[in-house]
Amino acid sequence: MGKGELMRGSATGMFMNAPRSMVKILGEMRQRGYKLSRVPDNEDQLLAWMTEYGRQIGVWAPGVLDRLVRSGHAVLIPTSKYQSWFEKHVPADLRADVLAKWGEAPGKFLVWENADESYLVIPRIDLGNITLLPQPLRGEAQDTSLVHDERVPPPHNYLATYFWLAEEFDADAMIHFGTHGSEFLLPGKPTGLSGHDWPDIVMGEIPNINPWVINNLGESSPVKRRAYAALIDHLVPPSVNAGLADELENLHGDIDKWIVLDDGLLKEKFRESITDQVIENGLIVDCHLSLADDELLSNDQTKTVLAYLHDIHNETTPVSLHVLGEPPRSDLLVPYLATCLGSDFVGSRQAVD
């Protein structure tokens, strides 16, 4: 079997249980004959490996970086070797842009020095013919504003990671695992890219596979145009109606009773109880109400609270993250399909019933 590479994207947690999905995929790959020296037993073990030696380490933690290097798990790229890749893959004018922004190689981020030699450090989880990497940062620190910035060139560590995959790991394919990474948002033309555009430079000729949440259509076209991605659609997390917590359900019931009561002492007793519950549950702030001391809710204010409770009840909320290749649990299918079909469908069914 040829070598492969899995690279974790930047926003996976929004849609998919990436560790659990990855454990499942790795186990199935081993069963089908892929050469893996080890696989994690479960998602907790994978997360422990990621924390120990599969994560980016900031410049403020040189001791942690030193321990990673001496553990033997990281890839060490001598600066001289990286410099040769840099000159081989990057046109002269773009090299000048990198040097103007990030300085001479190896830069400052994930750099380890030993005697007279400096090295660019690539954290990884080595599984044999498959290696798991955190996608390198667009800068020399965690800066989410750079992810979509198509003016700033990638830093040395970013380039070193992708060049290593092509030059030394000799990857047959890479998987940007999660929606989405930063590789398709690098500086360059929007379409018809060439060797003078950063996405082409870093991706090279390695096939790019992207598990992609099915409702993110806006960025699916750019990732195909600019990073030649083969998208594998997956479902959004299973969602159901949020409903109301017990205390809010009780409040909702009291307001329903209050509405049908005739004016009189009993209705005012309900108004007092409703006012107390609204205050206790913090709905004065949520509903933008104003009450003086010992003042009770007015009719209009009570109706405002009721409308707010209806909005909460009708909201949808994800029950869990999606696991790649697994359908939602059977007990979630009906409410999940109902939320997918929307309020018009639910309303029409209620009218029929």
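Colleague: What does the accessible surface of the protein chain come to, and how much of it belongs to carbon and sulfur atoms?

Modeller: About 18200 Å², with 52% belonging to carbon and sulfur atoms. Accessible areas here come from the Shrake-Rupley method with a 1.4 Å probe, and for residues only the protein chains shown count as cover. Before we go on: this is a predicted model, where local features need pLDDT of at least 70 and side-chain atom pairs count only at pLDDT 80 or more, while totals for chains, interfaces and linings use all residues. Residues are numbered from 1 along each chain as its sequence is written, and side-chain values use heavy atoms, with hydrogens and water left out.

Colleague: Thanks. What share of the residues is buried?

Modeller: Of the 353 residues in the protein chain, 45% count as buried. Buried means under 20% relative accessible area, exposed over 50%, and partly exposed in between (1.4 Å probe, protein chains only).

Colleague: And what about the overall dimensions?

Modeller: The C-alpha trace spans about 90 × 45 × 40 Å along its principal axes. The radius of gyration is 27 Å, whereas a compact globule of 353 residues would have one near 20 Å. That radius is taken over C-alpha atoms, and the globule rule is 2.2 Å times the number of residues to the power 0.38.

Colleague: How many helices and strands are there?

Modeller: The chain has 14 helices and eleven strands. These are DSSP runs numbered from the N terminus: helices are H or I with at least four residues, strands are E with at least two.

Colleague: Let's go inside. How many residues are in the largest nonpolar core?

Modeller: There are 31, and those with the most contacts inside it include Ile 77, Tyr 82, Trp 164 and Trp 198. A nonpolar core is a set of buried Ala, Val, Leu, Ile, Met, Phe, Trp, Tyr and Cys residues joined through side-chain atoms within 4.5 Å. Elements that each supply at least two of its residues include β2 (75-78), α4 (79-89) and α6 (156-167). The largest share, seven residues, comes from α6.

Colleague: What does Trp 198 touch?

Modeller: Leaving out residues up to four places away in sequence, Trp 198 touches Val 90, Leu 94, Val 98, Pro 153, Pro 154, Leu 159, Leu 186 and Pro 187. Contact means heavy atoms within 4.5 Å. A second, separate core has 30 residues, among them Leu 36, Trp 49, Leu 65 and Leu 110.

Colleague: Now the backbone. Which residues does the cis peptide bond join?

Modeller: Ala 105 and Pro 106, with omega about 10°. Pro 106 sits in the loop between α5 and β3 (111-114).

Colleague: Last one: is Leu 289 buried or exposed?

Modeller: Leu 289 is buried, at 13% relative accessibility, in the loop between α11 (283-286) and α12 (299-314). Beyond its neighbours within four places in sequence, Leu 289 has contacts that include Val 278, Leu 283, Leu 297 and Val 305.
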